[in-house]
Amino acid sequence: MNSADGVSSGMEFDDVILRIGRELSEGTLLVVDRGFGELLEASVGMQALLDFGAVGVVALEETEKEVAIPTLAAVGHGSFSQVVVCCSNVLKNVMRYIVEVARVVSPYTKHVTVISNISEAAHHEACPREYGEHCYGDIERNILVNVIEACQNIGQSVQEDLVVRVKFVDIPCMMVGSHAFVFPRDGAASFLVDEYSDNTDDDVHVKVTVNAHSLASVSRILDVQPEAFCVGPLAESVGRAMSFIPAHDSSHGRRAAFVIVDRSLDTATASEYSDYFIHRMLSQSKTCLETSSHVCPSLFHPSDPSSQSYLDFLMSKTHKEALLFIRKWLKEAIRESKLKFSGRMRPGAVSAEDLQALSAVLYQDPDASLKHASILQIAEIACACLTETSDAQGNWVELQKAEEVAKLSAEDGPDGLVALIRDELMAAGRGTPPPHGIFASMQHLIIGCYWIKTNPSYYSVQQSDVLSAAQQSILGEALSESSAACILRWKQNFDNVSQKIKKEIPWLSNDLINQIVESAEEGDELQTLLQPFSQKVIGTICSLPAQYDLNAQERGPRENSLILRLLDDVISGRHVPSMKHIGTSIAGLLKSGLGRIGLQHHHPGEYETVVLFVLGGITPHEISHVRSYCDHMVAEYHAQEKKMPQIVLGGSSLLAQPSLTLTSMFA
């Protein structure tokens, strides 16, 4: 985030789009899964593939629905030359969809191509880079056999010369600005804060493996040789998996430190409702292909050379500052296009009506609307932020204020925080103000516990959890009582009470929710049933901050971001006790081994490039924090006539909505 050229030039989607584009002949039907749909929407958009010659784009996951099958076959009136399926998931997880697509289109074409950036073959011994393009032969034969069997089961004929090909491409990243990237939420590389969820060991193993290979793909895109520095148990697992992947040999001999950190070590920052415009913007972004994922919109417009710079500039701006700049850019675009706007606006405030009126002037001129397409798109999103300022859990501004109250209570120590959370839970149970609800109270507990733990006045306390057993018991009882009261009220007021419970109390298992909905238990009986689950969630939240120690005694609670602390330690060359160096090359393995016996020690700050990757996702305001920090550090390095390492921030997903963090912890 500190160089003018950025890294986006090396991490753009162009190579991937061109690779797919070469597979598209005139009349191609394109079928994409949700993750790949996110990637396309976040880069150049679906239209780019249609321009390559595709006759239509269909969502892969929809192909099992009866209504989608005739639609699939009817695209282009069945006159397509081939079908190309693009997957961002482990192939075995979407194999049934692929087989169904091939079966449905077999009467119309004999060419089916599967393009995947995640597959078992690519993640074990049969990597195309090492073993050639035919290493997918077994997968291709398996798909073909399954298609023939599916056709025979329903008496459908299949073309004798049906050809199925499987090809591998490096996983492309969704760029959030020029120096930050994420993987798609619905792709296999997505890894939410699920260390404490009910995922099986196999699920975790697959995600660890996929992330290791995804980071190897990033090293190839950046043209660097990676060395892993890990903070947290899951990060160490990914680092060890990277050591078994053939390391990329940089054409320029460049090495990069891949600092991998567990999101579960700081769930507080990811739970906050920040005042950064980019945070609100991404939380309001439209979903693509009916997914629950929030993606950074594509601002790439060939007619607007400054399109990429707008998002970078807005990264470090507050909501109010960004709106003023957007209005200013619209006015400048109108003057530059020699158009006229006669309306009057308040100097220090921006409304959705202001932005809509200015945009309407530009839209009247086709040339002006094309030239300034990117700023018009930003203005459209800004209008959405002004008219829809709510997260899934309530009003954004009100939740911001409630967070500040939680921090102030935490300043008084554990007793003050416990009193606040208990009062909030009791109010939620009664259905009286403050109307934040059970879910928001648990977010406040996460933030408050972290706020206490990063305060030097309380850091000297040697207990493993922020709150004592007695304090946790008080909150557990309050949570059980409040949850029981809310559930009884929801049963009377909501038709789909199961969905309401799952949204507001995500730590309850599906089996328990079904039991609660079907039973007639009330009051004390329901509270007793909920007690163990309530106590578990309180204990989990209170234990989270205790796992993280990055020179916490040197900073006050105002700098409570894990990402910023870790980056500052790396850039400043400070020793991080909890960081482990895991070599991913022969040289790296030798050096990390020598370091363990005290002969040589490596520090990530010694590398020209530092990739800080959060396993579990990053938030838009963390990207903004890092951007501001790097801008500040560049000035310091320049004054000392020193060169600052190039910083690249990445995450396994984009945590656009603060409520997503708590939900994913117990999903």
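Reader: What makes the contact between aspartate 266 and arginine 263 a salt bridge?

Author: This is a predicted model, and the distance comes from its atoms. The side chains of arginine 263 and aspartate 266 meet at 3.8 Å, N to O. A salt bridge needs a side-chain nitrogen of Lys or Arg within 4 Å of a carboxyl oxygen of Asp or Glu, so this pair counts as one. Aspartate 266 is buried, and arginine 263 is buried too.

Reader: How many salt bridges does the structure hold?

Author: The structure holds 17 salt bridges. One of them joins glutamate 100 to arginine 103, with the closest N and O atoms 2.9 Å apart. Both residues belong to helix α6 (residues 91-105), where they are three residues apart, about one turn of the helix. In general, an α-helix has 3.6 residues a turn, so residues three or four places apart point the same way.

Reader: Why is arginine 103 called buried?

Author: The relative accessibility of arginine 103 is 12%. Buried means under 20%, so arginine 103 counts as buried.

Reader: What makes helix α25 mostly covered?

Author: Helix α25 spans residues 562-572, and nine of its eleven residues are buried. Among them are Leu562, Ile563, Leu566 and Leu567, together with the charged residues Arg565, Asp568 and Asp569. After α25 comes glycine 573, whose phi is positive, near 75 degrees.

Reader: Why is strand β1 described as largely enclosed by the rest of the structure?

Author: Five of the five residues of strand β1 (residues 28-32) are buried, so the description follows from that count. Thr28, Leu30 and Val32 point one way, Leu29 and Val31 point the other way, and all are buried. In a regular strand the side chains alternate between the two faces of the sheet.

Reader: How do you know that β1 pairs with strand β3?

Author: Five bridges join β1 to strand β3 (residues 82-87). Two strands pair if there are at least two bridges between them, so β1 and β3 count as paired. The two strands run parallel. Valine 32 stands opposite cysteine 86 in β3.

Reader: Why is the pair of tyrosine 273 and tryptophan 396 called edge-to-face?

Author: The structure holds nine aromatic pairs. In this one, the ring centres are 5.1 Å apart, and the limit for a pair is 6.5 Å. The planes stand at 85 degrees, and over 60 counts as edge-to-face, so the pair takes that name.

Reader: What parts does this pair tie together?

Author: Tyrosine 273 lies in the loop between β9 (255-262) and α11 (277-283), while tryptophan 396 lies in helix α17 (residues 396-411), so the pair ties together parts that are 123 residues apart in sequence. Tyrosine 273 has 4% relative accessibility and counts as buried. Tryptophan 396 counts as buried at 1%.

Reader: How do you know that the charged end of lysine 407 sits over the ring of tryptophan 451?

Author: The charged end of lysine 407 is 4.9 Å from the ring centre of tryptophan 451. The limit on that distance is 6 Å, with a second limit of 35 degrees from the ring normal. Lysine 317 likewise lies over the face of phenylalanine 313, at 4.6 Å from the ring centre. Phe313 also belongs to one aromatic cluster with Tyr310, Phe325 and Trp329.

Reader: What makes the meeting of histidine 581 and glutamate 227 a polar contact?

Author: Their side chains come to 3.2 Å, and a polar contact needs a pair of N or O atoms within 3.5 Å. Histidine 581 lies in strand β12 (residues 579-582). At 15% relative accessibility, histidine 581 counts as buried.

Notes: Residues are numbered from 1 along each chain as its sequence is written. This is a predicted model: local features need pLDDT of at least 70, side-chain atom pairs count only at pLDDT 80 or more; totals for chains, interfaces and linings use all residues. Side-chain values use heavy atoms; hydrogens and water are left out. Rings of Phe, Tyr and Trp (its six-membered ring) pair if their centres lie within 6.5 Å; planes under 30 degrees apart count as stacked, over 60 as edge-to-face and the rest as tilted. Helices (H or I, at least four residues) and strands (E, at least two) are DSSP runs, numbered from the N terminus. Buried means under 20% relative accessible area, exposed over 50%, partly exposed in between (1.4 Å probe, protein chains only). A polar contact is a pair of N or O atoms within 3.5 Å; within protein, one must be able to donate a hydrogen and the other to accept it, and residues adjacent in sequence count only if both atoms are side-chain atoms.
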